[in-house]
Each structure stands twice: as structure tokens, then as C-alpha cells.
Amino acid sequence: MMSVTYALIEEKYNFAGNSRISYGIAAYCGGEIDGSATIVKSVHDITSDKEGLSRLVKDCNDLKLSLVHLYDVVEDFLAE
């Protein structure tokens, strides 16, 4: 079974002279073998609430969230 680690991703979006920062989640695995990692799933542009999403990412790692539940967890986060 592969070990998945979740990380906060930050992206800057520009449109019609306006810019904004948004945060998402990247799930990666493989880093424990040779120090490199591969992103296996990501959800972009979830929220501008960095602190709230950071707590979610920490919970995903602490609870060892299965990759198959990532979209459900993001959906629940957005519904709050």
C-alpha cells in the first residue's frame, strides 16, 4: 500500500489586470524511497483561506486520509 502525503499548494491567478492568490491540496507519494515524490492527485483553487486549508491538510496527514476520499473531504470543507 502506498503512503500518501498531503501538502498545501499556493497559486496566483491573473485575469484582466486583477490577480488573486488561491490555495489547493496536492497528494504525493514515493518520497520515502529516494527523497523524490510524485504528485498523484491535486485539487486546485479551493479557497483563499490559507489557515483553514492548512488545518485541513494537517488533518488529512494526521488521519492518514486515503486518496480515494480526497474529493469528498474537499467537498465537505467547502460546504462548511
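Predicted model: local features only at pLDDT ≥ 70, side-chain atom pairs only at ≥ 80, totals over all residues.

**Entry 1**

I began with D45, which is partly exposed, with a relative accessible area of 33%.

Which side chain meets D45 in a salt bridge? I found R20 there, with N to O at 2.9 Å. R20 lies in strand β2, which covers residues 18-29, while D45 sits in strand β3, so the pair ties together parts that are 25 residues apart in sequence. R20 is itself partly exposed, with a relative accessible area of 42%. In general, side chains of opposite charge can pair when their charged atoms come close.

**Entry 1: the other salt bridge**

I then asked how many salt bridges the structure holds, and the number is two. Besides the pair from my first entry, I noted that D62 forms a salt bridge with K58, and that the closest N and O atoms are 2.5 Å apart. D62 and K58 are four residues apart in helix α2, which means that about one helical turn separates them. For the exposure of D62, I wrote down a relative accessible area of 48%, which makes D62 partly exposed.

**Entry 2: the overall layout**

Having looked at these pairs, I stepped back to the whole chain. I counted three helices and three strands in the secondary structure of the protein, and read along the sequence they follow the pattern β-β-α-β-α-α. The C-alpha trace spans about 45 × 30 × 20 Å along its principal axes. Of the 80 residues in the protein, 30% are buried. The accessible surface comes to about 5500 Å², and carbon and sulfur atoms account for 53% of that surface. Among contacts between residues at least 6 apart in sequence, I noted that 47% join residues at least 24 apart.

**Entry 3: I46, next in the strand**

I returned to strand β3, which takes in residues 38-47 and is the place of I46. Is I46 buried or exposed? At 11% relative accessibility, I46 counts as buried, because the cut-off for buried is under 20%. I then listed what touches I46, leaving aside its neighbours within four places in sequence: the contacts are S22, Y23, G24, I25, L53, V74, F77 and L78. I also checked I46 against L63, which is 17 residues away in sequence, and the C-alpha to C-alpha separation came to 20 Å.

C29 lies in strand β2, and at 13% relative accessibility C29 counts as buried. I looked up the separation of C29 from Y71, and the two are 42 residues apart in sequence and 17 Å apart in space, C-alpha to C-alpha.

R55 has its place in helix α2, and with a relative accessible area of 53% R55 is exposed. Between R55 and L8, which are 47 residues apart along the chain, the C-alpha atoms are separated by 9.7 Å.

K64 lies in the loop between α2, residues 50-62, and α3. K64 is exposed, with a relative accessible area of 69%. Its phi is positive, at about 55°, although K64 is not a glycine.

**Entry 4: charge on the surface**

The protein has 7 positive and 13 negative side chains, and the centres of the two sets lie 4 Å apart. Which residues gather in a patch of negative charge on the surface? I wrote down D72, E75, D76 and E80. One of them, D72, lies in helix α3, which runs over residues 70-79. D72 is partly exposed, with a relative accessible area of 43%.

Definitions and conventions: Residues numbered from 1 in each chain as written. Heavy atoms only, no water. Patch = residues over 30% accessible without salt bridge, like charges linked within 9 Å, V, L, I, M, F, W, Y side chains within 5 Å. Areas by Shrake-Rupley, 256 points an atom, 1.4 Å probe, with all protein chains shown as cover. Salt bridge = Lys/Arg side-chain N within 4 Å of Asp/Glu carboxyl O. Lys, Arg positive; Asp, Glu negative; His and termini not counted. Charge placed at Lys NZ, Arg CZ, Asp CG, Glu CD. Helix = DSSP H or I, 4+ residues; strand = E, 2+ residues; numbered from the N terminus. Buried < 20%, exposed > 50% of the residue type's maximum accessible area, 1.4 Å probe, protein only. Contact = heavy atoms within 4.5 Å.
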